[in-house]
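Open your viewer and follow along. Each stop says what to select and what is there.

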Amino acid sequence: MYEIDAKGVYYRDLNERVRKAIREHHKDIVLHNVCGQYYIGCGLNDRDVKLTINGVPGNDLGAFMNGPTIIVNDDAQDGIGNTMNGGKIVVYGNAGDVVAYSMRGGKIFIEKDVGYRACIHMKAYKEMNPTVVIGGCSGAFMGEYMAGGTLILLGLTKRDDKPLTGIYLATGMHGGKIFIRGSVDERMLWSEAVIVSPTKEEMKKVKSEVKEFCNLFKIDYNKVMDEEFVKVAPKSTRPYGHLYIPGP
Amino acid sequence: MKWMKNLKTYVPPSFVVERDDYRCIRCKACVEQCSFDATFYDEDEDRVWNWDANCVGCDRCAAICPTEAITVRRADPTYRYNHNWNGHIDSIKKRAIFGGTPVVSMGNDRPYPIYWDHMLLNASQVTNPSIDPLREPMELKTFLGRKPDSLDISDDALKTKLAPQLELEIPIMFAAMSYGALSYNVIEALGRAAKEMGTYYNSGEGGLNKDHYKFKGNIIVQVASGRFGVHKDYLDVGSAIEIKIGQGAKPGIGGHLPGEKVSETISETRMMPQGSDALSPAPHHDVYSIEDLRQLIYALKEATEYKKPVAVKIACVHNVAAISSGIARAGADIIVLDGFKGGTGASPQVIRDNIGLPLEVSLAVVDERLRQEGIRQYVSIVASGGIRNSMDVVKAIALGADAVYIGTAALIAIGCTMCQQCHTGKCAWGISTQDPHLSKRVNPDISSKRLINLLEVWALEIKETMGAMGINSIESLRGNRLNLRGVGLNEKELEILGILPAGE
């Protein structure tokens, strides 16, 4: 284990120290006293590296990342997993806005709630198939422009007076799958997506991801699976095709 | 009959194909070459016919005809002349018939003023000598990137740590045009020409085909709101990274590669599912402010360990000067200004034809604003959008640009006739298409040679003009507006362009 005390360290120096540690073949790196430093894990490529963050990391955690595992033992801020290509991020707490923007591969597990615009423009290709599991609730515009991948929202923190997702759920969705535990208010949806029941095959995937989630956060799997899941699916892979005609 | 007219969807043809039946030898080359179904052969009559309504005026058939039997000409307007409604009648009809908004391509084709053609360059006479570029050294080398406020040279060595720079042998680069918009062979030709000429081509927002990684050292990679094909290897292969905020042909709106153009290889390069629309959101959803832009710029710098300059490309819009100031302060190394005449592979016509600012004006105000604020050295400025010839390049540099991008001009060099049908994916010249039958019409050997010729000739023309002005380094021309005089411009236009009227 290689430890770095991040207290008062400027983000650029901190990230350089992380890169240096990786260059020196350290595989298990722990950052203590992290307080809002940007871009931790940004652009890292090494699959067998594990970064543990004690404290709250700053924006763009794991942006363009392609390999490592990041464990956050606190809340995370905005833009985690931005354009992420591979690897894993686990957040023991809440995350901010634009989680997993344009994410293309790897997995993100968030114990509690996320902010606005989670998983927008997530995409998939061949073996690349990103998965995001959110234990709590989400803000507006979740899954906007979604083109691929799997998003599972469990709503474990849902309060009776608050909705599970924000408004404009899955606007412009044209690929991928969103699974939501419990029910979704149809009024939250825009016109490009519909609510359907997941198939048996799809539930297999959901179950395996939920199992991993429950193991990570020490949550009773059976209790989580007690409730039904609904699937939000795109109506078309070409939602706006009809709006345009060839010009002169 | 295949060419039966449908009265319900009739709009008069824009072109008429005239065929000299005496010259026509029925070789059917034109039938084979027309990708717009405007030409077909009738076996019963042994005649080649045209369906003028489908003709886009690309001139491919006329070019290929071995006996010069074909002439394509613009159709005369058929309706009663009406200055006010001219052109709008068909436009309304199309919307009403098909229920969609027309998508067009290439740059704005409306008759807005062209300021380049209202500026004249200076030359030396008597009081200072002109220079002959054929016999004297002439420097076009350009470095793009952040420049230091001052240089510390001690012990015979440069002590100041310089920010990463792009080194250009000529101040002309190939603008962002994606694989998807353009065919494989065109990208190949652009890459080879950039390598040969010591300049760069821009990958556009559609990612980079694995085969083109060989152009490392001459590629600028683009990161747009869709983040297509953006990953670690892609960022690493670029000599610079360009964040595309906007495009001159479609300021403020996102990109939209129609699902039918997302073939297997495009899907592989873009890293998204085959057949679905490739939608680039209108904004980057992680950039809602200058502060957020700074965050994205530095995210890219972190991901590439501060080894590459980061450019930010914006469309020229009303507050372009203030926005550029923000971009310079946000940490960008290069600002790309894309004027409203810039091209596109597809844009709604209303947007292309009505939004933006002229490049000339934008360049002048941005350069002036950054100078006034004392931050011009923070960024290099690349002018883009409607650069048609080498003198546009010279005038752009004199107005304050460090270098220019050419897009349409490069395509013309390899055969484009500007029929503006890129959005259909049917380009008969094989340029803006993914149809393998069509795209093989571009031969990368010939095309790259033509691009090299164009750049070499422009470089010579630039040198000759500089020589005439008595300038032997492009550095001395940069922002040198004293070498420009305006003709036919009003006082306010001259003031904004920062140039004197002819005679003053």
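Predicted model: local features only at pLDDT ≥ 70, side-chain atom pairs only at ≥ 80, totals over all residues.

**Stop 1: chain A as a whole.** Three helices and twelve strands make up its secondary structure. The radius of gyration of chain A is 18 Å, close to the 18 Å that the globule rule gives for 248 residues, so chain A is as compact as a globular protein of that length. Now turn to its C-alpha trace. Along the principal axes it spans about 55 × 55 × 30 Å.

**Stop 2: inside and surface.** Stay on chain A. Of its 248 residues, 60% are buried. Look at the contacts with a separation of 6 or more: 43% of them come from residues 24 or more positions apart. Switch to a surface view. Chain A exposes about 10,200 Å², and carbon and sulfur atoms supply 50% of that area.

**Stop 3: charges.** Color chain A by charge. There are 32 positive and 30 negative charges, and their mean positions lie 4 Å apart.

**Stop 4: across to chain B.** Which strand of chain B does β12 of chain A join? Select residues 244–246 of chain A, then residues 101–104 of chain B. Zoom in on P246(A). Opposite it stands V103(B), in β5(B).

**Stop 5: on to β19(B).** Finish at V104(B), whose bridge partner in β19(B) is S347(B).

Definitions and conventions
Residues numbered from 1 in each chain as written. Chains lettered and ligands numbered in written order. Heavy atoms only, no water. Helix = DSSP H or I, 4+ residues; strand = E, 2+ residues; numbered from the N terminus. Rg over C-alpha atoms; globule rule 2.2 N^0.38 Å. Buried < 20%, exposed > 50% of the residue type's maximum accessible area, 1.4 Å probe, protein only. Contact = heavy atoms within 4.5 Å. Areas by Shrake-Rupley, 256 points an atom, 1.4 Å probe, with all protein chains shown as cover. Lys, Arg positive; Asp, Glu negative; His and termini not counted. Charge placed at Lys NZ, Arg CZ, Asp CG, Glu CD. Pairing = 2+ DSSP bridges.
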